Amino acid sequence: MKQPVLQYLKLFLLLGLGGVTTMHVPKQDVSASLGALSLDGHFSFHDLSSAAQDFGNLSSFPPLAVLHPGSVADITTTVRHVFLMGEHSTLTVAARGHGHSLYGQSQAAGGIVIRMESLQSDGMKVHPGESPYVDASGGELWINVLNETLKYGLAPKSWTDYLHLTVGGTLSNAGVSGQTFRHGPQISNVKELEIVTGRGDVVTCSHQQNSNLFHAALGGLGQFGIITRARIALEPAPQMVRWIRVLYLDFASFTEDQEMLISAQKTFDYIEGFVIINKTGILNNWRSSFNPQDPVRASEFKTDKKVLFCLEMTKNFNPEEADIMEQEVNALLSQLRYTPASLFHTDVTYMEFLDRVHSSELKLRAKGLWEVPHPWLNLIIPRSTIHKFAKEVFEKILKDNNNGPILIYPVNKSRWDNRTSVVIPDGEIFYLVGFLPSALGPYSIEHTFNLNRQIIEFCNKASIGVKQYLPNYTTEAEWKAHYGARWDTFQQRKNTYDPLAILAPGQRIFQKASTSLPMSL
């Protein structure tokens, strides 16, 4: 990796060659002006490599400085300072949570990265009662929110599959998992936000107060402000979870059963699905964590099907309600058309289930397989075209799982708030599809990008009506196509709350001072 100063000079050279009039302030002068700010925390100007990395491990844009805020006031002071530098300054600001962006979205080339986790010290405040909620810092990890709220017998309603992400990070996207069909994404379960806008103003907003900013920031990809606090709705937390997996041999039965379950009044509490391509010994692998309902039939299970579909479900319960839970689960399972020999289940604590991905993370870290490139592709597919999509992608384009899980599950549009910035397809039901590979060995970055490109090209050619979740576009035309009729509203909100395009430059939606950043330096 090149030295930060060389990266910074190269950035300005690229901007200058683009014919843009910029304020070529020497790096030392900019650093000095930042260092002179009165803060509760501090700036770092050296050893900034971690701020130029993320979970994707595919992009690296070294910043000029990293802010370790000691308070929300530090963020306000910094953003306002950059705002007052004016439209000809190229300095930008990116809020970095736990660094789980995939393509450099939490980075700021030659700019300022704010380490949001430094705000965790602000603490959380749980408010029990008739409509319980928790006030949490935007830099707080969801796992810490869960640990704190469980002390009161409460928990947030909607989750992501991985809890070691920050509150502000997931709320800037949507926050989805197997509870989304029932409670909506995490952004549908927020009562209030505190936001630092691109002007450096601190604004408290909700559905009733400053509602335009509230809805803009939820799923807004960090374009309108930095979420510094969120008021999150809570519900009584169960103690235990019945965790179930079953296999399907055909896509039609798999999707019909999923759609029936997410539409039923009495149903499971979590519903997700997985695609399994050209893998053997699936049920044997499950035995390490699950128990077969019928061990003999499970051991005899064989199929010549290339593509299998796994339905994963949970039912929450407390120990004294175990008998009722068993009856409800059996009644629901009796309506499904899975392969009987494939029924596996286990009972775990609520915490163990919600934090399940972290257990896998620890194992992968021990093998040196966590901090590798992750060229993921997350899509939102309309129900009307999901079968056409599946036939082409799962049976033709993909020859195997490409060294990572493939998620697929439906959600109800009625649980999403169309006033937020998230873009979703038309139709009451749509599918979340995630291709989550690790680029290792033969599953190279180039190989995976080629598959991703084939999938996107097919979607466009076949008019699938796809939208990207965690979108990764590089041109204004692509962003306009993504937002469609909502682009004008998105742009108007940007002009209102971040008129100089200071915030979240790594999303590559709006370029400050009409500049255009390269894909990599």
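Predicted model: local features only at pLDDT ≥ 70, side-chain atom pairs only at ≥ 80, totals over all residues.
How many aromatic pairs does the count come to? The count comes to 27.

**Stop 1: the aromatic pairs**

Select Trp 479 and Tyr 483. They form a stacked aromatic pair, 6.1 Å centre to centre, with 25° between the planes. Planes under 30 degrees apart count as stacked. Both residues are buried. They are 4 residues apart in helix α16 (residues 476-483), so about one helical turn separates them.

Tyr 483 and Trp 487 are both buried.

Now widen the selection to Phe 224, Tyr 473, Trp 479, Tyr 483, Trp 487, Phe 490 and Phe 510. Together these residues form one aromatic cluster.

**Stop 2: helix α17**

Move to helix α17, residues 487-497. Which of its residues are buried? Trp 487, Phe 490, Arg 493, Lys 494 and Tyr 497 are. Look down the axis of α17: the buried residues fall within an arc of 130°, so they line one face of the helix. Then show what covers them. The cover includes β8 (190-197), α7 (211-217) and α16.

**Stop 3: the nonpolar cores**

Select Trp 142, Leu 171 and Leu 193. They belong to the largest nonpolar core, which has 80 residues, and they touch the most other members. Centre on Trp 142. Leaving aside residues up to four places away in sequence, Trp 142 touches Pro 156, Trp 159, Leu 163, Leu 165, Thr 166, Val 167, Thr 170, Leu 171, Gln 186 and Ile 232. Another core, of 47 residues, lies apart from the largest one; Ile 244, Met 325, Leu 398 and Ile 429 are among its members.

**Stop 4: the sheet**

Switch to a cartoon view. An open sheet of 9 strands runs in the order β13-β15-β11-β14-β12-β17-β18-β16-β19, and the pairing is antiparallel. Which strands stand at the edges? They are β13 (291-292) and β19 (467-468). Each has a single partner strand, so one side of each is left without a neighbour in the sheet.

Zoom in on β12 (residues 270-277) and β17 (residues 406-412). This antiparallel pair is joined over 2 bridges. Pick out Phe 274, which stands opposite Leu 407 in β17.

**Last stop: a charge over a ring**

Finish at Arg 356 and Phe 353. The charged end of Arg 356 sits over the ring of Phe 353, 4.2 Å from the ring centre.

Key
Residues numbered from 1 in each chain as written. Heavy atoms only, no water. Core = buried A, V, L, I, M, F, W, Y, C linked by side-chain atoms within 4.5 Å. Buried < 20%, exposed > 50% of the residue type's maximum accessible area, 1.4 Å probe, protein only. Contact = heavy atoms within 4.5 Å. Phe/Tyr/Trp six-rings, centres within 6.5 Å; stacked < 30°, edge-to-face > 60°. Lys NZ or Arg CZ within 6 Å of the ring centre and 35° of its normal. Arc of directions from axis to C-beta. Pairing = 2+ DSSP bridges.
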